[in-house]
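User: I am new to this structure and would like a close look at a single part of it. Please begin with the whole chain and then go into that part step by step.

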Amino acid sequence: RITSRDFECAIITPVMTYGQLDGLVNKWSLELEDQEKHFLHQATLVNAWDYTLMKNGEKITALHGEVEKVKLDQKRLEQELDFILSQQKELENLLIPLEESLKDHSGSVYPHYIDEHEKTSHSGSFVL
């Protein structure tokens, strides 16, 4: 059988002396200082990483702008090259009847021109 006296003895906490309490407070203070130093070190690292990320983000944004500009320039150049190619094709088509006409006049004063033109127009043409 459990008496009230037994119950009272079970819940009695040990008594702590002032020296023991002071020792615990000092120990906890040192642990807290260590945790604070660790936290400040980690916060400094996070700040450095954040700064690096922000700077790199700015660089990426600038590079993206440059890439978009280069894409526009490339598109413009491709359009210009297409236009030049169409002009070249149109000129070649205009030259065909003239060459035929000159061939028909083979006894004329232009045989040297025909030979030279055929050499340069067929071997000197450039392909885009």
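Analyst: The accessible surface of the chain comes to about 11,800 Å², and 63% of it belongs to carbon and sulfur atoms; such areas come from the Shrake-Rupley method with a 1.4 Å probe, and for residues only the protein chains shown count as cover. This is a predicted model, in which local features need pLDDT of at least 70 and side-chain atom pairs count only at pLDDT 80 or more, while totals for chains, interfaces and linings use all residues. Residues are numbered from 1 along each chain as its sequence is written, and side-chain values use heavy atoms, with hydrogens and water left out.

The chain has three helices and zero strands, where helices (H or I, at least four residues) and strands (E, at least two) are DSSP runs numbered from the N terminus.

Of the 128 residues of the chain, 4% count as buried, meaning under 20% relative accessible area, with exposed over 50% and partly exposed in between (1.4 Å probe, protein chains only). Within α2, Gln 88, Glu 99 and Leu 102 are buried, whereas Leu 21, at 42% relative accessibility, counts as partly exposed. Leu 21 lies in helix α2.
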